[in-house]
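I opened this notebook to record what I looked up in one structure. The entries follow the order in which I worked.

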Amino acid sequence: MDKNSIIGFVLIALIMMGFFGYQSHQVKKQQAYQAQLDSIAAAEAYAQWQLDSAWRAQHPEAAAAADSIAAAPVAPVAPVYSDTLLNAAARADAQQVSLENEKLKVVFTTKGAQPLSVLVKDYYTYGKEPLYLLQEGKSQLGYVVYAPTAIDTRKFNFQYVPEASSDSTVVMRLPFGAGGYIEQKYTLVPDSYSLNQVVSFVGMGHLMPRNVNSIDVDFDAVIPRMEKGYKNETQYSRLNYYFPDDSKPGNIGNGRKGDKRFNNNIEWFAFQQQFFSAIMRAPGNFSYGEFAIDFLPKGGEDLMHCSAQLRADINPSAERVDVPFEFYFGPNDYKGLKAYGHSYEKVIPLGGKIIGYFTKWVIIPLFDWLHKGIANFGIIILLMTIFIKIVVLPFAYKSYSSSAKMQALKPFMEKINAKYPKQEDAMKKQQETMDLYKKAGVSPMGGCLPMLLQMPILWAMFRFFPASIELRQQPFLWAEDLSAYDDVIHWGTSILGMDHISLFALLMAVSMFFYSKITMQQQTAGNDPNAKMMQAMSLYMMPIMMFFICNNLSSGLSYYYLLSNIITFIETWVIRKWVVNPDEIVAKVKAAENKPAPKSKWQQRLEEAQKMQREAQKNNKRR
C-alpha cells in the first residue's frame, strides 16, 4: 500500500468519522435535552405533590369531601350535538369486524370506522411474536368534516352494514337526522398487502359550508420494535413523504426526532420501520401535510411515534363526495414495492444516484438470481463477493501491481531518504523520487485512483445489507440473524457506546490489521514523521474505526467486508508472486540510472517552485 493509497484511506476515514461523530453528538444532545425536560417535569410533580399534601394536612375535612365527590358516580353527559343520531353514535358501544387474506389480517373498530390492528402474516418479530404494524389502542385514523360544525369521525361509533360488506369488504356508516351519512368502505385486495378505502359523504351537500372545500386527515401510530438491535433499527426507521413525480421521497427520522410542514401537494407518506412500512396514498393528492416523528426509549416494547395531519380536497356542493385512499401494510421488499407502481420502493435507502443505480441494476438482480438456486444466504454473500471482486479486478490489478512495483523500489527509496534526511531538502527528495518513478515506469497515483473508483461499490454494499429484508432472521454459522449484529459476547452496561462484541465485525477488523501490517512491512517511511504517522493510522486507526462502525450493523455486512479483505489479500499475493517481476523493475532502473529521466509538466513546475524557493532564501540572507 503506497502513500497515495494511505492518503485515500485517511480521507475516507476522516469523512466517515466526521459523519458518525456528528450523528452521535446529535443523539446525545437530544437525550440530554429530554433528560432535562424529564427532570423539570419530575420536580414540578414533586412540588405539586408537596403542595397537595400540605393542603390535605391543613384541611382534612375539605380533603375528605373532595374524595367523596371524586368517588361518586358520574352523571350522564348531556347531549353535545343537535343531531340526535350523532348523540346516539357518540354513546354507542364499539364493535369489531375483520378482513383477512393470504398476507394480512386487519381488525376494524366501529369507533371511528378505522383499523384497530394490522397483522402481517408470515413474519415475526425478533422475539418470535406475531408482527403487528398497527397495534390495538396505539393508532388512530380519523377524518374531520365541517357540516356545519367540525365532525371528527374518531368520536363516533359507525354502524356496520353487513348487506354491503363481504369477505373482502367492510362498510360502516354514520347517519345524520337529515338523511345524510358518512360512509367508510374498506377493501382488502386478495393476496396483497394493499387495503383500499373510500370515504363518502352522502346527502350532506346542504350541510357543508360553500367556502369549505377540504377535509382534514389525521393518522397517528406507535410503531413497535421488531428487530434485535435498537440502534440499527432506529437508524434505518423514519417517516417518508413523497411529492408527485419527485425523484425520491423526503424524510425525517433516522434515529432523530423531527417534524416538517408543507403547503404543496403530497402523493403519499410512510411510517417506515427498518424492514416494514405503513403507507397511505391519496390518488388525488393531499393538498397540505404536517408530519412528526419521535423515537421512544430503548428499554420499551415500542420503537417510534409517528403522526401525520393532512388535508384532502373535496367538492362541497355535490350530494355525494367520494374521497379514495390507498394503504400498504407490509415488508420493504424492493421488487414487491416497485410492482405497485407508485414509487413505494423509494422508501428503501439504496444511496444516491450513482450508488442507487448500481444497487438497483447490479446488486439486487444478482442477489435475486443467486437466491433462486441457493437457500443459504451466507453462500450467496460469498458468491456475490467473488463476482464483485472479478468485476473490479481490472481496477484492483492496477492498484496491486503499482503497490508491487513500489515494493521493488524500496531499496532505491531508502537511498533517497538517507541522501536527504533534512526537512529543508524535502523538495529535492520529492524531485528525485519522481525521477525514480519515471525511470521505473511507476505512476504515483496508480494505487490510489483505482481504489477510489471502487468506493461506490463498497458504499453500495454498505447501504444494501442493512436494508435487505431478505437477510432478516436468516442464520449463518454463529450469526442467528444476518440483518443484525452477531453478539458472541454481551454485557448489560454500555462501555464506549458498546454493550456487545460482534464476531464478524471483530474478524473483519483483524483481517484489515494483518493486511495493512503485511503491506507496511514492504514499504519504508524513512525519516519522514508524516509518512510514519499515516502508516500508523492505516495500521491501527482504520481497523479500530471500522470495528466500532460495524459492531452495531448487519453481521451480513461485516461478513462481506471480511470476505472482501481475504480475497484482496489473495489477489495481492498472486500479483506480487507471479505477475510483477521485481528483478525486471530493478534492472530497468539501473539501466536508466545514468540517464536523465524525461521531465513531466508536473516535474517542471516542481523545479520552478524549487528555484523560486532558493531565490527567496538568497534574498532573505541579503536582508
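**Basis.** I note that this is a predicted model, in which local features need pLDDT of at least 70, side-chain atom pairs count only at pLDDT 80 or more, and totals for chains, interfaces and linings use all residues. Residues are numbered from 1 along each chain as its sequence is written, and side-chain values use heavy atoms, with hydrogens and water left out.

**Cores.** I looked up the nonpolar cores, that is, sets of buried Ala, Val, Leu, Ile, Met, Phe, Trp, Tyr and Cys residues joined through side-chain atoms within 4.5 Å. Here buried means under 20% relative accessible area, exposed over 50%, and partly exposed in between (1.4 Å probe, protein chains only). The largest core has 121 residues, and Phe201 is among those with the most contacts inside it. Another core, of 5 residues, lies apart from it and includes Phe412 and Tyr437. I then listed contacts of Phe201 (heavy atoms within 4.5 Å). Leaving out residues up to four places away in sequence, Phe201 touches Val145, Tyr181 and Arg320, among others.

**Surface patch.** Patches are made of residues with over 30% relative accessible area and no salt bridge, with like charges joined within 9 Å and nonpolar side chains (Val, Leu, Ile, Met, Phe, Trp, Tyr) within 5 Å. A salt bridge is a side-chain nitrogen of Lys or Arg within 4 Å of a carboxyl oxygen of Asp or Glu. I found a nonpolar patch that includes Leu393, Trp573 and Val579, with about 910 Å² of accessible area together, by the Shrake-Rupley method with a 1.4 Å probe and only the protein chains shown as cover for residues. Helix H14 gives the most to this patch, with 7 residues. Helices (H or I, at least four residues) and strands (E, at least two) are DSSP runs, numbered from the N terminus. Val579 is in H14 and counts as partly exposed because its relative accessibility is 42%.

**Sheet.** I traced an open, antiparallel sheet of 9 strands, ordered E7-E8-E9-E10-E19-E16-E15-E12-E13. Strands E7 and E13 are at the edges with a single partner strand each, so one side of each has no neighbour in the sheet. Two strands pair if DSSP finds at least two bridges between them; E12 and E15 have 5.

**Two loop residues.** Is Gln273 buried or exposed? Gln273, in the loop between E15 and E16, is buried, because its relative accessible area is 0%. Glu102, in the loop between E1 and E2, is partly exposed at 48%.
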